[in-house]
Amino acid sequence: MIEGRGRVLLVEDSPTQAARLRSFFEADDLTVVVAASAELALEQLEAARPDVIVLDYHLPGMNGDDFCREIRLNVNTRAIPVLMLTSEKSDLAETRGLESGADDYLVKSADPDILLVRVRALLRKSQGAAGIVDVESRFSRARILAIDDSRTYLYYLSEELKQEHYLVETIDNPIQGLKRVDEDNFDCILVDFEMPEVEGPEVCRRIRQLHRDSEPEIVLIMLSSHEDKERMRAGFEAGADDYISKSADAAVIKARIRALLRRKFLVEENRRILEEIKEKELDAMRARAVREAAEIRAEMADQLAAANRELDRANQELEQFAYSAAHDLREPLRKIRIFSELLQKKYRGRLDDEADVYIDYCVQGATRMDQLIKDLLAYAQAPKASSETPQAVDLNAVLGKAVTNLQSALEESQSTVSSDPLPTLLVEEIRIQQLFQNLIGNAIKYRRPDEAPRIRISAVRQGEEWVFGVADNGIGIDSAYREKVFEVFTRLQPDTYSGTGLGLAICKRIVESFEGRIWVESEPGKGSIFFFAIPLRLDIVAETAAAGAEMAGQV
């Protein structure tokens, strides 16, 4: 049985026949809608789509064959299976009905059980077959396999079907036939009911099992020399789509095959079109998503550009404010320091000891505040790019200038500075000089009291970087503070060592302005090595050599 209540549109102008058939179908749990003419049936199709149409051939006005042609021309109704009923028993009438587009044909005098079996078969085919399009051009190339133990009948059948331009293959053994079905794909398979070894219904069941996942299903037609009801029922229950008597006229057999193949190809083409529609919809959705993403990216880029412009403006205003504030702060601070130093010189020892301490505090505080303001300005200016084009700078000469600037501190601490040969880079001289000066000054400040500082500058090319090292034999840094020392205002031993806590923070900003990186390796009591890496693209010698090699390769 078909799952759920199938919906049947019964087109019959005879009230008596309509009532009889309606009662018969409803007894099998089918929903029946009756139309007394083809015209009324078309109106019914506009309202709701049935699962199968049972149609009288002779109708007032539009005949049954004209009705079939009409619905086959409409994409929304052409897939509805049609069973045509008529009082005529001639082969010509059956052929005419099937050729008009009907899927099955039955005389009204046929056994009601046979009618019900055929309706059930059409209902099975109806499931999932909406929105079909015509592909009649494919019929001529359909592949047909005929399985029958009678070679004579196979020859007869093959010759008849070849006239329809089908590709026909015949096998006289059911076991070999099943093997062939497993090896290849066929559109239609004709199976004889009576065969040795395996009978036709069992062959049909095995074929359905082999191709249970195929979409649409293979058309299976049972052939038999007998037309009794039990054999027909057994054939349909085994999965056959039709049951045809071998004694039927060849035209009828071919018409039934054409009708079943037409439905198969319609369903197949419908699924293909639906897949194409879905794929096009997906493509449209993807294109729309890409377009929307591009629009969002463009909008975000505009917003980012506007934000960057606003940030640049804010930075310029902040920088201007910092310089103005520094100037305004340093001027009164300078007076405080000068007059505090005058008090210190003029009245030291003339006042009590407590007054001398207070004056020393004033001088030291003013001096430290002035240095803090200068360091803050240097920190703010460190990442700012110069408007001038970077020039090739010999770092050996730059290191010499940094050492000269620190000469007094070096002599006082009895420090020694040595260096490996350094490269020439495309950098701003003042910044790289400040970097060396801060790192060497840091080594001098954090020296051990019992040993003179020894400072070593190294430079090694590693991959796509120049890695510089500033090594000392000072007090070292605990591993917990190796990242923290590069943060602003970080002073690990403020009671022992003076400073503003900005020296290493300035070094970090300078290195990052070169798109480099800085880190420290240290062990408490054994000294530290401050490393900084600068990209190789800033190496003027390496860039010149690469350009020369490229030019040499082009010659």
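Guide: Accessible areas here come from the Shrake-Rupley method with a 1.4 Å probe. The model is predicted, and by that method the accessible surface of the chain comes to about 29700 Å². Carbon and sulfur atoms hold 52% of that surface. The chain has 555 residues, of which 42% are buried, and its secondary structure consists of 16 helices and 17 strands. Among contacts with a separation of 6 or more, 69% are between residues 24 or more positions apart.

The part to examine is an open sheet of five strands, in the order E12-E14-E15-E17-E16, with mixed pairing. Strand E12 (416-419) and strand E16 (517-523) are its edges, and each of them pairs on one side only. On average, and with direction ignored, neighbouring strands of the sheet are turned by 15 degrees against each other. Helix H14, residues 429-445, packs on the sheet and touches E12, E14, E15 and strand E17 (527-535). The direction of H14 makes about 170 degrees with that of E17.

E12 and E14 run parallel and are joined by four bridges. E14 (residues 454-462) and E15 (residues 465-471) run antiparallel, with seven bridges between them. E14 and E15 form a hairpin with two residues between them. Gly 463, in the turn, has a positive phi of about 60 degrees.

The numbering of this region also turns up in a nonpolar core of 40 residues, whose members include Leu 399, Leu 435, Phe 468 and Val 520. That core lies apart from the largest one, which has 42 residues. In the largest core, Phe 25, Val 119 and Ile 189 touch the most other members, and helix H5 (residues 112-126) gives the most to it, with eight residues. In soluble globular proteins, nonpolar side chains tend to be buried together.

Phe 25 and Val 54 show contacts of the kind found elsewhere in the chain. Leaving out residues up to four places away in sequence, Phe 25 touches Val 8, Leu 30, Val 32, Val 54, Leu 115, Leu 116 and Val 119. Val 54 lies in strand E3, residues 52-56. Val 54 counts as buried because its relative accessible area is 0%, the cut-off being under 20%. With neighbours within four places set aside, the contacts of Val 54 include Leu 9, Leu 10, Val 11, Phe 25, Leu 83 and Leu 85. Val 8 is another of those contacts; the C-alpha atoms of Val 8 and Val 54 are separated by 7.1 Å, although the two residues are 46 apart along the chain.

Asp 187 is in the loop between helix H7 (174-183) and strand E8 (188-192), and at 13% relative accessibility it counts as buried. The side chain of Asp 187 reaches the backbone nitrogen of Arg 143 at 2.8 Å. Ser 245, in strand E10 (residues 242-245), is buried with a relative accessible area of 8%. The side chains of Ser 245 and Ser 247 make a polar contact of 2.7 Å. With residues up to four places away not counted, Ser 245 touches Ser 224, Glu 227 and Ile 253.

In helix H4 (residues 91-99), the buried residues include Ala 93, Glu 94, Thr 95, Gly 97 and Leu 98. After H4 comes Gly 101, with a positive phi near 125 degrees.

Methods:
Residues numbered from 1 in each chain as written. Predicted model: local features only at pLDDT ≥ 70, side-chain atom pairs only at ≥ 80, totals over all residues. Heavy atoms only, no water. Pairing = 2+ DSSP bridges. Axes fitted to C-alpha atoms, helices over the stretch in contact; angles between N-to-C directions. Contact = heavy atoms within 4.5 Å. Buried < 20%, exposed > 50% of the residue type's maximum accessible area, 1.4 Å probe, protein only. Core = buried A, V, L, I, M, F, W, Y, C linked by side-chain atoms within 4.5 Å. Polar contact = N/O pair within 3.5 Å; in protein donor to acceptor, adjacent residues only side chain to side chain.
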